[in-house]
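Hello,

Please have a look at it first, then read on.

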Amino acid sequence: MKRSLGLFSGSTLAQVRRWVGLSAWLLLAPMAGYILWLNQGHSLILVQLALLVVAIIGLVVINSETAVVALQQWCVPIHQPRGWLQRWLYPQRRQQLRRAEAGLNRPCDGSTGHALGHTLDPLGVRSAELPFVSVVVAAYLPNEQDIIEETLRHWLTQVKVPAAGWEVILAYNTPTALPVEDRLRRLARRYPALVLLPVAGSRSKAENLNAALAQVQGAMTCIFDADHHPAPDCLGRAWAWLATGQYDGVQGRNIIRNAQDNWLTHLVAVEFECTYGISHYGRSLLADTALFGGSNGYWRTAALRELGFSSARLTEDIDATVRGLLRGCRLVHDPAIITTELAPTQLRGLWLQRQRWSQGWLEVASLYLSRVARTPHLDPVQKGYWLLMLLFSQGFYLLVWQVVPMMLSIHFSTSDRDLVFENVNLAMMGLLALSTLLQVALAMGYRPAYSTYSRRHGFFYCLLSPVYFWFKVAIGMVALYNHLCGSRVWHVTARTAHRSVKWSPNRAPAPAKTR
């Protein structure tokens, strides 16, 4: 069996032993090396400069995304198209971008992508007549048997049905027959649009999705996890982006509906607002690119069917995203397409979930980094953005973690203290903290009015953000260790029933400015 740091599994004593071993590897070992290096009269200038460069890049990216979202909300006309950096850096390409905005480019599957009839509504959102739509809900039933019925009833009773019709496919796997399957069959008899698709022999979400893709009939295919409850207007808003032929996929905005459960769900709720409401949106505005996050994603069926999903990846969504970009697919993020989901309620569940995400990014970066650098399907701005994201997934946590052993080694070595490094490090930490405050403030002001969290939760997040940041850095280090050891363990995120927040069509308006 390949070695791995399987934290939060087994007995309490085993967990303590793993934590001691983790501390020795990640803290004491590099600190001892730095002390020996410093005692021999050498300096740590190269690592310090690397940390400075990473901090500056992080500050530029975070603040640029925050600023552009603020401008879009308060200053810029709501119909301003995406790709602000391209328009600023390459004025000669404005005509080309205007043509792309009109839907005259070729989608990634090679079809002609003729623009369909559409109009501009008062919110600046293009509206188009919905075709037949396929919704795929992926589930591992032993884990989600307590919530799947509620999710399907939400789809079948709360989401606006396209005039041309739809199908809601539950693609699931289960090692043994469960009582919930009988109830699902009764639900399917009541709602003919519900299609039950048990995938025999499946061991992953990717296999469930591929089985569904083989039989979907809609022009648009929507991918959702079993805990997601989308807004009533989600299908129409997503198709508005795809109807012109300019984009092949749309990623919506995920918000946490169980934010009130405990302090951990408070943190994750605010984090998701910063991620989906600011970072992803800002990236889409700046560079006209986006990523598919595994759920609340809407694709032209022809493009998604050609891509498929790889069951060999820990994050099949990011893998599909990058493969799509390399084939010429274009993705956009729209924060007005809202769904609610469940955050892990226990620290163990959050750790294992984020460890898989982090290792999944490492896999994708190691596979596609060089191809992203060479692809002709991304312009220089998009290519630079994606190279940064993939490089950061490989080296960010390893490099940032060095701050702790470096600071300790400076104090315990016989060399003179490096006051310049300490002062610069403190200044960078202060600027990053200020950037976090600004991003959280904007995210809390931009959150949906019916969300279950408030500015108080944003303040709580800011207080704990330094600890939470280093918690995620430790996760990244463990993921890197497991990746280098060749360990690939999929831990299912536990789902339990809870009191949910119901959507109301009258309470679910999108943000006023979406384009």
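Leaving aside its neighbours within four places in sequence, which residues is Q439 in contact with? Before the answer, a word on the source: this is a predicted model, in which local features need pLDDT of at least 70 and side-chain atom pairs count only at pLDDT 80 or more, while totals for chains, interfaces and linings use all residues. Residues are numbered from 1 along each chain as its sequence is written, and side-chain values use heavy atoms, with hydrogens and water left out.

Now to Q439: its contacts (heavy atoms within 4.5 Å) are I62, T66, C274, I278 and S279. Q439 sits in helix α16, residues 419-446; helices (H or I, at least four residues) and strands (E, at least two) are DSSP runs, numbered from the N terminus. Q439 counts as buried because its relative accessibility is 11%. Here buried means under 20% relative accessible area, exposed over 50%, and partly exposed in between, with a 1.4 Å probe and protein chains only.

Helix α9 (residues 234-242) is worth a look too. Eight of its nine residues are buried, so the rest of the structure largely encloses this helix. Among them are W239 and W241, and also R237, at 10% relative accessibility. The side chain of R237 meets that of D233 in a salt bridge (2.9 Å, N to O), where a salt bridge is a side-chain nitrogen of Lys or Arg within 4 Å of a carboxyl oxygen of Asp or Glu. D233 is partly exposed, at 27%.

The structure holds 13 salt bridges. Another one joins R354 and E271, again at 2.9 Å from N to O. That pair links distant parts of the chain, with R354 in helix α13 (residues 347-374) and E271 in helix α10 (residues 263-287), 83 residues apart. Both R354 and E271 are buried.

R330 and D288 form a salt bridge as well, their closest N and O atoms being 2.1 Å apart. R330 lies in the loop between α12 and β10 and D288 in the loop between α10 and β9, so the pair ties together parts 42 residues apart in sequence.

Last, strand β9 (residues 297-300) is covered on both faces: G297 and W299 are buried on one side, Y298 and R300 on the other. β9 pairs with β6 (residues 220-225) in the antiparallel sense over four bridges; two strands pair if DSSP finds at least two bridges between them. Strand β8 (residues 249-256) also runs antiparallel to β9, joined by three bridges, and V250 stands opposite Y298.

Best wishes
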